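Thanks, everyone. Please have the sequence and the model open while I talk.

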Amino acid sequence: MVALCAACTTSQYTPGSELPPPPKEIDAEVSVDANTVLSTVAAEGFGLHSSVYDNSLQDPTLPGLLDAVGVSILRYPGGGYSDNYHWSTHKLVPSYGDPSQLGYLAAGSDFGSYVSLLDSFKGTAMITVDYGSNPAANGPGEPKEAAAWVAYANGSPDDSSVIGLDSVGTDWHTVGYWAGLRAAAALPVDDGQNFLRIAHPAPVGIKYWEVGNELFGNGYYDSAHEYEEDLHAPYDGTPREHDARLSPSTYGAGVNAFIQAMKAVDPSIQVGAVLNTPPLDYSWGPDWDQDVLAACGTNIDFAIIHWYPSSTAAGLMQAAEREVPNMFAALSSLFAAVGPRATPIQVAITEMGPAPGIQISNQQGQMLGVFVTEGYLSMFEHGVFNVDFLELHKGGFLSSPGERKGPAYKAIQMVHELANPGDVLVSTTSSAPDIAVHAATRADGSLGVMLVNTSATANVTVTATLDGDVRFSSVKRFDYTPSSGAADGSVQGPTDASGLASPFTIRVPLYSTTLLEFEK
(Lines give C-alpha, C1' and ligand atoms only; values in the text may rest on other atoms or scores of the structure.)
Protein backbone atom coordinates (compact mmCIF):
# COMPACT_ATOMS: atom_id res chain seq x y z
CA MET A 1 0.00 0.00 0.00
CA VAL A 2 1.50 3.32 -1.09
CA ALA A 3 -0.97 6.01 -0.06
CA LEU A 4 -1.39 6.33 3.68
CA CYS A 5 -3.19 8.75 5.96
CA ALA A 6 -1.31 11.74 7.33
CA ALA A 7 -2.03 10.76 10.91
CA CYS A 8 -0.57 7.29 10.24
CA THR A 9 2.63 8.55 8.61
CA THR A 10 5.64 8.01 10.83
CA SER A 11 8.47 9.08 8.54
CA GLN A 12 10.13 12.26 9.62
CA TYR A 13 13.41 14.06 9.42
CA THR A 14 15.69 13.65 12.43
CA PRO A 15 19.24 14.92 12.96
CA GLY A 16 22.17 12.57 12.45
CA SER A 17 25.72 12.57 11.16
CA GLU A 18 27.53 14.03 8.16
CA LEU A 19 27.15 12.86 4.57
CA PRO A 20 29.63 10.22 3.40
CA PRO A 21 32.08 11.16 0.61
CA PRO A 22 31.11 10.23 -2.97
CA PRO A 23 32.78 7.04 -4.14
CA LYS A 24 33.07 7.65 -7.90
CA GLU A 25 32.82 10.06 -10.84
CA ILE A 26 30.62 9.66 -13.94
CA ASP A 27 29.67 11.73 -17.01
CA ALA A 28 26.30 12.63 -18.49
CA GLU A 29 24.92 14.65 -21.38
CA VAL A 30 21.73 16.72 -21.16
CA SER A 31 19.84 18.97 -23.54
CA VAL A 32 17.15 21.61 -23.22
CA ASP A 33 14.59 22.43 -25.92
CA ALA A 34 13.17 25.77 -24.87
CA ASN A 35 10.61 25.70 -27.71
CA THR A 36 8.81 22.51 -26.62
CA VAL A 37 6.32 23.25 -23.83
CA LEU A 38 5.41 20.64 -21.23
CA SER A 39 3.16 22.62 -18.87
CA THR A 40 2.60 25.89 -17.04
CA VAL A 41 3.13 26.10 -13.28
CA ALA A 42 -0.27 26.71 -11.68
CA ALA A 43 -1.01 29.47 -9.18
CA GLU A 44 -1.75 26.85 -6.51
CA GLY A 45 1.24 24.65 -7.41
CA PHE A 46 3.38 25.11 -4.32
CA GLY A 47 1.42 23.58 -1.45
CA LEU A 48 1.92 22.08 2.00
CA HIS A 49 -0.14 19.79 4.19
CA SER A 50 -1.10 21.42 7.51
CA SER A 51 -3.05 19.99 10.40
CA VAL A 52 -5.22 20.79 13.41
CA TYR A 53 -2.67 18.96 15.56
CA ASP A 54 0.08 21.46 14.63
CA ASN A 55 1.16 23.52 17.66
CA SER A 56 2.97 26.12 15.53
CA LEU A 57 0.24 27.33 13.17
CA GLN A 58 0.20 30.70 14.92
CA ASP A 59 3.98 31.20 15.05
CA PRO A 60 4.44 34.88 14.04
CA THR A 61 7.41 34.05 11.80
CA LEU A 62 5.51 31.43 9.79
CA PRO A 63 3.82 33.73 7.20
CA GLY A 64 7.11 35.29 6.19
CA LEU A 65 8.74 31.87 5.82
CA LEU A 66 5.87 30.67 3.62
CA ASP A 67 6.01 33.75 1.40
CA ALA A 68 9.79 33.57 1.08
CA VAL A 69 9.67 30.04 -0.32
CA GLY A 70 6.65 30.68 -2.56
CA VAL A 71 4.03 28.52 -0.83
CA SER A 72 0.64 29.41 -2.28
CA ILE A 73 -1.77 26.93 -0.65
CA LEU A 74 -2.11 25.01 2.63
CA ARG A 75 -4.20 21.87 3.03
CA TYR A 76 -6.47 21.74 6.11
CA PRO A 77 -7.55 20.18 8.52
CA GLY A 78 -5.14 17.28 8.06
CA GLY A 79 -5.28 13.87 6.38
CA GLY A 80 -7.11 11.19 8.32
CA TYR A 81 -8.31 13.79 10.83
CA SER A 82 -10.53 15.16 8.06
CA ASP A 83 -13.04 12.34 8.47
CA ASN A 84 -13.26 12.82 12.25
CA TYR A 85 -13.06 16.62 12.47
CA HIS A 86 -16.04 18.97 12.67
CA TRP A 87 -15.21 22.54 11.80
CA SER A 88 -18.28 24.28 13.26
CA THR A 89 -17.62 22.95 16.78
CA HIS A 90 -13.84 22.46 16.47
CA LYS A 91 -14.20 18.93 17.82
CA LEU A 92 -13.11 15.43 16.86
CA VAL A 93 -15.36 12.38 17.08
CA PRO A 94 -13.86 9.08 18.31
CA SER A 95 -12.23 6.83 15.74
CA TYR A 96 -13.89 3.50 14.93
CA GLY A 97 -16.59 4.04 17.56
CA ASP A 98 -14.01 3.77 20.35
CA PRO A 99 -14.28 6.66 22.86
CA SER A 100 -10.63 6.20 23.81
CA GLN A 101 -9.52 6.90 20.24
CA LEU A 102 -9.62 10.70 20.21
CA GLY A 103 -7.06 12.79 18.39
CA TYR A 104 -5.30 15.97 19.49
CA LEU A 105 -6.33 19.53 18.65
CA ALA A 106 -3.65 22.19 18.98
CA ALA A 107 -4.33 25.65 20.37
CA GLY A 108 -5.09 28.13 17.60
CA SER A 109 -5.93 25.42 15.07
CA ASP A 110 -9.68 26.09 14.78
CA PHE A 111 -10.85 27.39 11.41
CA GLY A 112 -11.46 30.92 12.64
CA SER A 113 -7.84 31.11 13.78
CA TYR A 114 -6.71 29.40 10.61
CA VAL A 115 -8.25 32.20 8.55
CA SER A 116 -5.91 34.61 10.33
CA LEU A 117 -2.97 32.54 9.05
CA LEU A 118 -4.37 32.59 5.52
CA ASP A 119 -4.79 36.35 5.71
CA SER A 120 -1.20 36.84 6.86
CA PHE A 121 0.58 35.25 3.90
CA LYS A 122 0.09 35.35 0.13
CA GLY A 123 -1.78 32.08 -0.09
CA THR A 124 -5.05 30.23 0.35
CA ALA A 125 -6.30 26.83 1.53
CA MET A 126 -7.38 23.44 0.21
CA ILE A 127 -10.13 22.23 2.55
CA THR A 128 -10.93 18.55 3.12
CA VAL A 129 -14.54 18.15 4.27
CA ASP A 130 -15.72 15.31 6.49
CA TYR A 131 -17.16 12.41 4.49
CA GLY A 132 -16.71 9.82 7.23
CA SER A 133 -18.67 11.01 10.25
CA ASN A 134 -21.38 13.40 11.40
CA PRO A 135 -20.92 15.62 14.49
CA ALA A 136 -22.89 13.20 16.69
CA ALA A 137 -20.70 10.26 15.62
CA ASN A 138 -23.82 8.23 14.87
CA GLY A 139 -23.72 8.34 11.09
CA PRO A 140 -21.71 9.32 8.02
CA GLY A 141 -20.56 12.76 7.00
CA GLU A 142 -23.29 15.17 5.97
CA PRO A 143 -23.18 17.19 2.71
CA LYS A 144 -25.00 20.04 4.45
CA GLU A 145 -22.22 20.32 7.05
CA ALA A 146 -19.78 20.77 4.16
CA ALA A 147 -22.13 23.28 2.53
CA ALA A 148 -22.19 25.29 5.76
CA TRP A 149 -18.37 25.36 5.73
CA VAL A 150 -18.46 26.76 2.19
CA ALA A 151 -20.99 29.33 3.42
CA TYR A 152 -18.74 30.37 6.32
CA ALA A 153 -15.70 30.68 4.05
CA ASN A 154 -17.22 32.18 0.93
CA GLY A 155 -20.76 33.37 1.68
CA SER A 156 -22.31 36.78 2.21
CA PRO A 157 -23.97 37.73 5.52
CA ASP A 158 -27.05 38.92 3.66
CA ASP A 159 -27.55 35.64 1.73
CA SER A 160 -30.79 34.08 2.97
CA SER A 161 -30.40 30.86 0.96
CA VAL A 162 -31.44 27.93 3.15
CA ILE A 163 -29.02 25.06 3.77
CA GLY A 164 -31.52 23.40 6.10
CA LEU A 165 -31.86 20.07 7.90
CA ASP A 166 -29.52 17.16 7.25
CA SER A 167 -30.43 13.46 7.33
CA VAL A 168 -30.38 13.26 11.15
CA GLY A 169 -32.28 16.51 11.70
CA THR A 170 -29.41 18.91 12.40
CA ASP A 171 -30.27 22.42 11.20
CA TRP A 172 -27.48 24.01 9.17
CA HIS A 173 -29.44 27.27 8.90
CA THR A 174 -28.73 29.64 5.99
CA VAL A 175 -25.70 30.83 4.10
CA GLY A 176 -26.01 34.21 5.81
CA TYR A 177 -26.07 32.61 9.26
CA TRP A 178 -22.54 31.24 8.82
CA ALA A 179 -21.19 34.21 6.87
CA GLY A 180 -22.66 36.46 9.56
CA LEU A 181 -20.73 34.59 12.24
CA ARG A 182 -17.55 35.12 10.25
CA ALA A 183 -18.28 38.84 9.95
CA ALA A 184 -19.23 39.36 13.60
CA ALA A 185 -17.02 40.45 16.49
CA ALA A 186 -16.63 38.15 19.46
CA LEU A 187 -19.34 38.36 22.14
CA PRO A 188 -18.37 39.62 25.61
CA VAL A 189 -19.53 36.28 27.00
CA ASP A 190 -18.56 33.39 24.76
CA ASP A 191 -21.51 31.21 23.76
CA GLY A 192 -19.19 28.57 22.30
CA GLN A 193 -19.00 30.13 18.86
CA ASN A 194 -16.63 33.04 19.46
CA PHE A 195 -13.88 31.13 17.68
CA LEU A 196 -15.97 31.60 14.52
CA ARG A 197 -16.61 35.32 15.15
CA ILE A 198 -13.50 36.83 13.58
CA ALA A 199 -14.74 40.25 12.36
CA HIS A 200 -14.09 39.24 8.75
CA PRO A 201 -16.91 40.67 6.60
CA ALA A 202 -15.22 39.84 3.29
CA PRO A 203 -15.36 36.24 2.07
CA VAL A 204 -12.21 34.22 2.63
CA GLY A 205 -12.52 32.99 -0.94
CA ILE A 206 -11.51 29.32 -0.75
CA LYS A 207 -11.74 27.69 -4.15
CA TYR A 208 -10.58 24.08 -3.70
CA TRP A 209 -12.39 21.45 -1.62
CA GLU A 210 -11.76 17.72 -1.19
CA VAL A 211 -14.48 15.22 -0.23
CA GLY A 212 -12.93 13.10 2.49
CA ASN A 213 -9.43 11.75 2.81
CA GLU A 214 -8.29 8.20 1.92
CA LEU A 215 -11.68 6.47 1.99
CA PHE A 216 -10.28 3.39 0.27
CA GLY A 217 -8.78 2.71 3.74
CA ASN A 218 -12.24 2.44 5.34
CA GLY A 219 -12.14 -1.37 5.70
CA TYR A 220 -13.97 -2.23 2.50
CA TYR A 221 -10.93 -4.00 1.08
CA ASP A 222 -9.02 -5.08 4.18
CA SER A 223 -10.33 -4.84 7.73
CA ALA A 224 -6.89 -5.76 9.11
CA HIS A 225 -5.45 -2.52 7.70
CA GLU A 226 -8.46 -0.25 8.21
CA TYR A 227 -7.52 3.30 9.17
CA GLU A 228 -9.97 5.85 7.70
CA GLU A 229 -13.13 6.71 9.64
CA ASP A 230 -16.28 5.90 7.67
CA LEU A 231 -19.62 5.63 9.45
CA HIS A 232 -21.56 4.79 6.32
CA ALA A 233 -21.47 1.38 8.03
CA PRO A 234 -21.47 1.18 11.85
CA TYR A 235 -18.57 -0.02 13.98
CA ASP A 236 -20.70 -2.64 15.74
CA GLY A 237 -18.53 -5.71 15.39
CA THR A 238 -20.04 -6.94 12.14
CA PRO A 239 -17.60 -7.53 9.25
CA ARG A 240 -16.97 -4.41 7.17
CA GLU A 241 -15.07 -6.00 4.29
CA HIS A 242 -17.08 -5.76 1.06
CA ASP A 243 -19.96 -3.98 2.77
CA ALA A 244 -21.59 -2.12 -0.12
CA ARG A 245 -22.05 0.97 2.08
CA LEU A 246 -18.25 1.36 2.11
CA SER A 247 -17.69 0.64 -1.58
CA PRO A 248 -16.08 2.92 -4.15
CA SER A 249 -19.45 3.25 -5.89
CA THR A 250 -21.02 4.48 -2.65
CA TYR A 251 -18.21 6.97 -2.17
CA GLY A 252 -18.61 8.20 -5.76
CA ALA A 253 -22.35 8.69 -5.26
CA GLY A 254 -21.60 10.49 -2.00
CA VAL A 255 -19.20 12.83 -3.78
CA ASN A 256 -22.03 13.79 -6.13
CA ALA A 257 -24.25 14.67 -3.15
CA PHE A 258 -21.48 16.77 -1.58
CA ILE A 259 -20.85 18.58 -4.86
CA GLN A 260 -24.54 19.40 -5.24
CA ALA A 261 -24.85 20.77 -1.70
CA MET A 262 -21.58 22.71 -1.71
CA LYS A 263 -21.98 24.25 -5.16
CA ALA A 264 -25.53 25.32 -4.27
CA VAL A 265 -23.80 27.72 -1.86
CA ASP A 266 -20.95 28.76 -4.18
CA PRO A 267 -21.01 27.50 -7.78
CA SER A 268 -17.49 28.80 -8.41
CA ILE A 269 -15.72 26.34 -6.11
CA GLN A 270 -13.81 23.30 -7.37
CA VAL A 271 -14.47 19.92 -5.73
CA GLY A 272 -12.29 16.81 -5.90
CA ALA A 273 -12.60 13.08 -5.17
CA VAL A 274 -9.85 10.90 -3.71
CA LEU A 275 -8.35 8.06 -5.76
CA ASN A 276 -5.77 5.51 -4.73
CA THR A 277 -2.34 5.80 -6.35
CA PRO A 278 -2.38 4.14 -9.77
CA PRO A 279 -0.96 1.63 -10.57
CA LEU A 280 1.01 1.37 -7.32
CA ASP A 281 -2.03 0.58 -5.16
CA TYR A 282 -3.77 -1.77 -7.58
CA SER A 283 -2.80 -4.82 -5.55
CA TRP A 284 -4.98 -3.26 -2.84
CA GLY A 285 -8.25 -1.74 -3.93
CA PRO A 286 -7.91 -2.48 -7.65
CA ASP A 287 -11.41 -1.30 -8.59
CA TRP A 288 -11.53 1.80 -6.38
CA ASP A 289 -10.48 4.33 -9.01
CA GLN A 290 -12.61 3.01 -11.87
CA ASP A 291 -15.73 2.66 -9.72
CA VAL A 292 -15.35 6.08 -8.10
CA LEU A 293 -14.87 7.73 -11.49
CA ALA A 294 -17.76 5.77 -13.00
CA ALA A 295 -20.01 7.27 -10.32
CA CYS A 296 -18.76 10.87 -10.14
CA GLY A 297 -16.17 11.39 -12.88
CA THR A 298 -18.42 13.65 -14.95
CA ASN A 299 -19.07 15.92 -11.94
CA ILE A 300 -15.73 16.33 -10.15
CA ASP A 301 -13.31 19.12 -10.98
CA PHE A 302 -10.16 17.29 -9.94
CA ALA A 303 -8.81 13.95 -8.82
CA ILE A 304 -6.82 13.63 -5.59
CA ILE A 305 -3.72 11.43 -5.41
CA HIS A 306 -1.38 10.79 -2.48
CA TRP A 307 2.19 9.73 -3.23
CA TYR A 308 4.38 8.01 -0.67
CA PRO A 309 7.12 6.12 -2.51
CA SER A 310 8.11 2.96 -0.69
CA SER A 311 11.88 2.84 -0.82
CA THR A 312 15.07 3.46 1.08
CA ALA A 313 16.19 7.02 1.76
CA ALA A 314 18.65 6.74 -1.14
CA GLY A 315 16.00 5.20 -3.41
CA LEU A 316 13.71 8.16 -2.83
CA MET A 317 15.92 10.31 -5.04
CA GLN A 318 14.95 8.39 -8.20
CA ALA A 319 11.37 7.62 -7.14
CA ALA A 320 9.87 10.30 -9.41
CA GLU A 321 11.65 8.95 -12.49
CA ARG A 322 10.67 5.41 -11.53
CA GLU A 323 7.00 5.94 -10.64
CA VAL A 324 5.49 9.21 -11.88
CA PRO A 325 5.28 8.39 -15.63
CA ASN A 326 3.45 5.13 -14.89
CA MET A 327 1.11 6.94 -12.54
CA PHE A 328 0.05 9.40 -15.20
CA ALA A 329 -0.25 6.78 -17.90
CA ALA A 330 -2.73 4.96 -15.65
CA LEU A 331 -4.59 8.17 -14.84
CA SER A 332 -4.87 9.01 -18.52
CA SER A 333 -6.58 5.67 -19.18
CA LEU A 334 -8.90 6.13 -16.21
CA PHE A 335 -9.91 9.63 -17.29
CA ALA A 336 -10.49 8.52 -20.88
CA ALA A 337 -13.03 5.99 -19.64
CA VAL A 338 -15.10 8.66 -17.86
CA GLY A 339 -16.68 9.91 -21.07
CA PRO A 340 -17.58 13.41 -22.29
CA ARG A 341 -16.86 16.33 -19.95
CA ALA A 342 -16.92 20.07 -20.34
CA THR A 343 -13.33 20.34 -19.03
CA PRO A 344 -10.53 17.83 -18.39
CA ILE A 345 -10.14 16.34 -14.92
CA GLN A 346 -7.28 18.10 -13.14
CA VAL A 347 -4.96 16.36 -10.66
CA ALA A 348 -3.86 17.47 -7.19
CA ILE A 349 -1.22 15.63 -5.14
CA THR A 350 -2.50 16.68 -1.73
CA GLU A 351 -0.05 14.49 0.20
CA MET A 352 3.52 13.75 -0.87
CA GLY A 353 6.30 12.39 1.29
CA PRO A 354 8.50 9.40 2.07
CA ALA A 355 6.67 6.16 2.84
CA PRO A 356 6.01 5.43 6.52
CA GLY A 357 8.92 3.73 8.20
CA ILE A 358 11.69 5.42 6.23
CA GLN A 359 13.81 7.14 8.85
CA ILE A 360 15.68 10.06 7.30
CA SER A 361 18.59 11.23 9.39
CA ASN A 362 20.54 14.43 8.94
CA GLN A 363 23.06 12.30 7.06
CA GLN A 364 20.31 11.54 4.56
CA GLY A 365 18.52 14.89 4.69
CA GLN A 366 19.95 15.92 1.36
CA MET A 367 18.34 12.80 -0.13
CA LEU A 368 14.97 14.07 1.10
CA GLY A 369 15.76 17.42 -0.54
CA VAL A 370 16.43 15.72 -3.87
CA PHE A 371 13.22 13.69 -3.55
CA VAL A 372 11.16 16.83 -2.87
CA THR A 373 12.75 18.69 -5.78
CA GLU A 374 12.05 15.83 -8.16
CA GLY A 375 8.56 15.29 -6.78
CA TYR A 376 7.36 18.86 -7.30
CA LEU A 377 8.95 19.28 -10.73
CA SER A 378 7.93 15.88 -12.10
CA MET A 379 4.33 16.47 -11.01
CA PHE A 380 4.33 19.99 -12.45
CA GLU A 381 5.70 18.70 -15.76
CA HIS A 382 2.75 16.28 -15.94
CA GLY A 383 0.30 19.15 -15.49
CA VAL A 384 -0.55 18.72 -11.79
CA PHE A 385 -2.03 21.98 -10.47
CA ASN A 386 -1.22 21.43 -6.78
CA VAL A 387 1.46 19.48 -4.86
CA ASP A 388 1.40 19.41 -1.03
CA PHE A 389 4.44 18.13 0.82
CA LEU A 390 3.56 16.41 4.09
CA GLU A 391 3.95 18.28 6.22
CA LEU A 392 4.30 21.89 7.35
CA HIS A 393 5.88 21.10 10.73
CA LYS A 394 7.55 17.73 11.08
CA GLY A 395 11.19 18.59 10.57
CA GLY A 396 11.39 17.98 6.83
CA PHE A 397 10.01 21.41 5.91
CA LEU A 398 10.07 23.35 9.21
CA SER A 399 10.79 22.18 12.72
CA SER A 400 8.43 22.88 15.61
CA PRO A 401 9.16 24.79 17.71
CA GLY A 402 11.86 27.02 16.29
CA GLU A 403 10.95 27.07 12.60
CA ARG A 404 14.31 25.64 11.54
CA LYS A 405 14.41 25.19 7.78
CA GLY A 406 14.67 21.53 6.77
CA PRO A 407 15.76 19.98 3.48
CA ALA A 408 12.25 20.13 2.00
CA TYR A 409 12.16 23.90 2.63
CA LYS A 410 15.46 24.34 0.80
CA ALA A 411 14.35 22.07 -2.04
CA ILE A 412 11.12 24.04 -2.56
CA GLN A 413 13.17 27.23 -2.42
CA MET A 414 15.22 25.93 -5.38
CA VAL A 415 12.12 24.81 -7.31
CA HIS A 416 10.55 28.21 -6.73
CA GLU A 417 13.74 29.88 -7.98
CA LEU A 418 13.51 27.81 -11.18
CA ALA A 419 9.85 28.47 -11.91
CA ASN A 420 7.11 30.64 -10.41
CA PRO A 421 3.38 30.26 -11.10
CA GLY A 422 2.79 31.22 -14.72
CA ASP A 423 6.25 30.15 -15.87
CA VAL A 424 6.48 27.44 -18.53
CA LEU A 425 8.29 24.13 -18.07
CA VAL A 426 9.97 22.94 -21.28
CA SER A 427 11.34 19.70 -22.70
CA THR A 428 14.67 18.23 -21.56
CA THR A 429 16.64 15.01 -22.05
CA SER A 430 19.36 13.28 -20.04
CA SER A 431 21.68 10.44 -21.05
CA ALA A 432 22.00 9.09 -17.51
CA PRO A 433 19.47 8.18 -14.79
CA ASP A 434 21.81 9.77 -12.25
CA ILE A 435 21.15 13.27 -13.60
CA ALA A 436 17.68 14.77 -13.88
CA VAL A 437 17.28 18.00 -15.80
CA HIS A 438 14.40 20.47 -15.69
CA ALA A 439 14.01 23.79 -17.49
CA ALA A 440 11.62 26.72 -17.50
CA THR A 441 11.06 29.81 -19.61
CA ARG A 442 10.02 32.65 -17.35
CA ALA A 443 7.75 35.65 -17.71
CA ASP A 444 10.76 37.99 -17.86
CA GLY A 445 12.17 36.09 -20.86
CA SER A 446 14.92 34.32 -18.94
CA LEU A 447 15.61 30.59 -19.03
CA GLY A 448 16.15 28.46 -15.93
CA VAL A 449 17.97 25.13 -16.12
CA MET A 450 18.15 22.83 -13.10
CA LEU A 451 20.48 19.83 -12.84
CA VAL A 452 19.75 17.33 -10.04
CA ASN A 453 22.16 14.57 -9.03
CA THR A 454 19.86 11.70 -8.00
CA SER A 455 22.68 9.21 -7.46
CA ALA A 456 23.61 7.91 -4.02
CA THR A 457 27.05 6.82 -5.28
CA ALA A 458 28.59 9.34 -7.67
CA ASN A 459 29.45 12.90 -8.58
CA VAL A 460 28.39 13.68 -12.14
CA THR A 461 30.09 15.88 -14.74
CA VAL A 462 27.39 17.17 -17.08
CA THR A 463 27.76 18.46 -20.62
CA ALA A 464 24.66 20.57 -21.38
CA THR A 465 23.32 21.82 -24.70
CA LEU A 466 20.63 24.50 -24.95
CA ASP A 467 18.44 24.20 -28.05
CA GLY A 468 15.77 26.55 -29.27
CA ASP A 469 15.75 30.34 -29.33
CA VAL A 470 18.09 30.91 -26.40
CA ARG A 471 19.94 34.23 -26.16
CA PHE A 472 21.32 35.55 -22.91
CA SER A 473 23.55 38.31 -21.60
CA SER A 474 24.32 36.99 -18.11
CA VAL A 475 24.08 33.81 -16.05
CA LYS A 476 23.36 33.39 -12.34
CA ARG A 477 24.05 30.18 -10.45
CA PHE A 478 22.43 28.68 -7.34
CA ASP A 479 23.52 25.47 -5.61
CA TYR A 480 21.82 23.30 -3.03
CA THR A 481 24.62 21.14 -1.69
CA PRO A 482 25.75 19.26 1.40
CA SER A 483 27.93 21.31 3.70
CA SER A 484 29.85 20.69 6.89
CA GLY A 485 27.91 23.47 8.62
CA ALA A 486 24.49 22.05 7.71
CA ALA A 487 24.56 18.37 6.84
CA ASP A 488 21.00 18.56 5.52
CA GLY A 489 22.30 20.95 2.86
CA SER A 490 22.45 24.66 2.25
CA VAL A 491 21.42 26.93 -0.61
CA GLN A 492 24.14 29.18 -2.01
CA GLY A 493 23.76 31.92 -4.58
CA PRO A 494 23.29 33.72 -6.71
CA THR A 495 26.85 33.71 -7.97
CA ASP A 496 28.01 35.01 -11.34
CA ALA A 497 28.41 32.28 -13.98
CA SER A 498 28.38 34.49 -17.07
CA GLY A 499 31.25 32.63 -18.72
CA LEU A 500 28.97 29.70 -19.59
CA ALA A 501 27.93 29.26 -23.23
CA SER A 502 26.12 26.34 -24.83
CA PRO A 503 27.39 23.66 -24.83
CA PHE A 504 28.96 23.90 -21.39
CA THR A 505 30.31 21.46 -18.83
CA ILE A 506 29.50 21.60 -15.15
CA ARG A 507 30.07 19.25 -12.20
CA VAL A 508 27.10 18.37 -9.97
CA PRO A 509 28.23 16.73 -6.71
CA LEU A 510 26.56 13.85 -4.94
CA TYR A 511 23.03 14.71 -3.68
CA SER A 512 23.30 18.24 -5.09
CA THR A 513 21.13 20.52 -7.21
CA THR A 514 22.51 23.26 -9.47
CA LEU A 515 20.31 25.95 -10.96
CA LEU A 516 21.45 28.23 -13.79
CA GLU A 517 19.46 31.32 -14.73
CA PHE A 518 20.18 32.60 -18.24
CA GLU A 519 19.03 36.19 -18.42
CA LYS A 520 18.41 38.29 -21.51
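Surface first. The chain exposes about 18,400 Å², and carbon and sulfur atoms supply 53% of that area. Accessible areas come from the Shrake-Rupley method with a 1.4 Å probe, and for residues only the protein chains shown count as cover.

Some ground rules. This is a predicted model, where local features need pLDDT of at least 70, side-chain atom pairs count only at pLDDT 80 or more, and totals for chains, interfaces and linings use all residues. Residues are numbered from 1 along each chain as its sequence is written, and side-chain values use heavy atoms, with hydrogens and water left out.

Now charges. There are 23 positive and 57 negative charges in the chain, and their mean positions are 6 Å apart. Lys and Arg count as positive, Asp and Glu as negative; His and the chain ends are not counted. Each charge is placed at NZ of Lys, CZ of Arg, CG of Asp or CD of Glu.

Overall fold. The chain has 9 helices and 21 strands. Those are DSSP runs, numbered from the N terminus: helices are H or I with at least four residues, strands are E with at least two. The radius of gyration is 23 Å, close to the 24 Å from the globule rule for 520 residues, so the chain is as compact as a globular protein of that length. That radius is taken over C-alpha atoms, and the rule is 2.2 Å times the number of residues to the power 0.38. Along its principal axes, the C-alpha trace spans about 70 × 50 × 50 Å.

How much of the chain is buried? Buried residues make up 58% of the 520. Buried means under 20% relative accessible area, exposed over 50%, and partly exposed in between, with a 1.4 Å probe and protein chains only. Contact means heavy atoms within 4.5 Å. Take contacts between residues at least 6 apart in sequence: 74% join residues at least 24 apart.

Next, the cores. A nonpolar core is a set of buried Ala, Val, Leu, Ile, Met, Phe, Trp, Tyr and Cys residues joined through side-chain atoms within 4.5 Å. The largest has 136 residues, and Tyr-376 and Phe-397 have the most contacts inside it. Helix H8, residues 365–381, gives the most to this core, with 9 residues. Which residues does a cis peptide bond join? One joins Pro-278 and Pro-279, with omega about -15°. Pro-279 is in the loop between strand E9 (270–274) and helix H6 (288–296). Another cis bond joins Ser-502 and Pro-503, with omega about -5°. Pro-503 is in the loop between strand E19 (486–496) and strand E20 (504–508).

Positive phi next. His-173 is not a glycine, yet its phi is near 60°. The residue sits in the loop between helix H3 (143–154) and helix H4 (175–183). At 28% relative accessibility, His-173 counts as partly exposed. Glu-403 also has a positive phi, about 55°. Its loop runs between strand E13 (386–389) and helix H9 (407–418). Glu-403 counts as buried, at 8% relative accessibility.

Last stop, Gln-270, in strand E9. At 17% relative accessibility, Gln-270 counts as buried. Trp-209 is 61 residues away along the chain, but the two C-alpha atoms are separated by 6.2 Å. Not counting residues up to four places away in sequence, Gln-270 touches Lys-207, Tyr-208, Trp-209, Asp-301, Phe-302 and Gln-346.
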